[in-house]
Amino acid sequence: MASRTVAECMTPAPTTVEVSDTLRTAADTMAQQDVGALVVRAGRRTVGIVTDRDLVVRGLATGRGPDDRVEEVTSERLVAVGPGDPVEVAVHVMRDAAVRRVPVLDGDVLVGIVSIGDLAVERDPESALADISDAPPNR
């Protein structure tokens, strides 16, 4: 069986936020889109990801407020994979960087986002993580 690619399990066209947007804007966007992470952009350039955890741990817990900028809580190092990369490459990239989500870039163009849950569904559909990741949201 041929190795599947990141493009086959990623979420295409992820929701983005600008580095200059406020933490409130990021939180509102996450709530409206029912997502826990947004890809951070500086114009057309992808610079990272901000998660709901980042908003709390790097934001609120350190005294930042809702009007502070997203760039203040975004990781400084961009970790990404390509759509043609084998799923195993994404697993290694996430493991090495200790992250749970990575943007998928085709050159400089953002084409998707892939999460640890996506990879669990792909590699081990019978696992507890895959089962949880495939379940409908509990809104």
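**Entry 1, overall make-up.** I counted five helices and six strands in the protein, taking helices (H or I, at least four residues) and strands (E, at least two) as DSSP runs numbered from the N terminus. The model is predicted, so I noted that local features need pLDDT of at least 70, side-chain atom pairs count only at pLDDT 80 or more, and totals for chains, interfaces and linings use all residues. Residues are numbered from 1 along each chain as its sequence is written, and side-chain values use heavy atoms, with hydrogens and water left out. Along the sequence I read the pattern β-β-α-β-β-α-α-β-β-α-α.

Of the 139 residues, 37% count as buried (under 20% relative accessible area; exposed is over 50%, partly exposed in between; 1.4 Å probe, protein chains only). I then looked up contacts (heavy atoms within 4.5 Å): among those between residues at least 6 apart in sequence, 56% join residues at least 24 apart.

**Entry 3, the sheet.** I found an open sheet of three strands with mixed pairing, in the order S2-S3-S4; two strands pair if DSSP finds at least two bridges between them. S2 (16–18) and S4 (45–51) are at the edges with a single partner strand each, so one side of each has no neighbour in the sheet. Neighbouring strands are turned by 35° against each other on average, direction ignored. Axes here are lines fitted to C-alpha atoms, for helices over the stretch in contact, and angles run from 0 to 180 degrees between N-to-C directions. S2 and S3 (residues 37–42) run parallel and are joined by three bridges. I noted Val17 opposite Val40 in S3. Helix H1 (residues 23–33) packs on this sheet and touches S2, S3 and S4, its direction making about 135° with that of S3.

I placed Thr51 in strand S4. At 13% relative accessibility, Thr51 counts as buried. Leaving out residues up to four places away in sequence, Thr51 touches Met30, Gly36, Ala37 and Arg101.

S5 (residues 101–106) and S6 (residues 109–115) pair in the antiparallel sense over six bridges. I found Val102 opposite Val114 in S6. Two residues lie between S5 and S6 in this hairpin, and Gly107 in the turn has a positive phi of about 70°.

I located Val57 in helix H2 (residues 52–59). Val57 counts as partly exposed because its relative accessibility is 38%.
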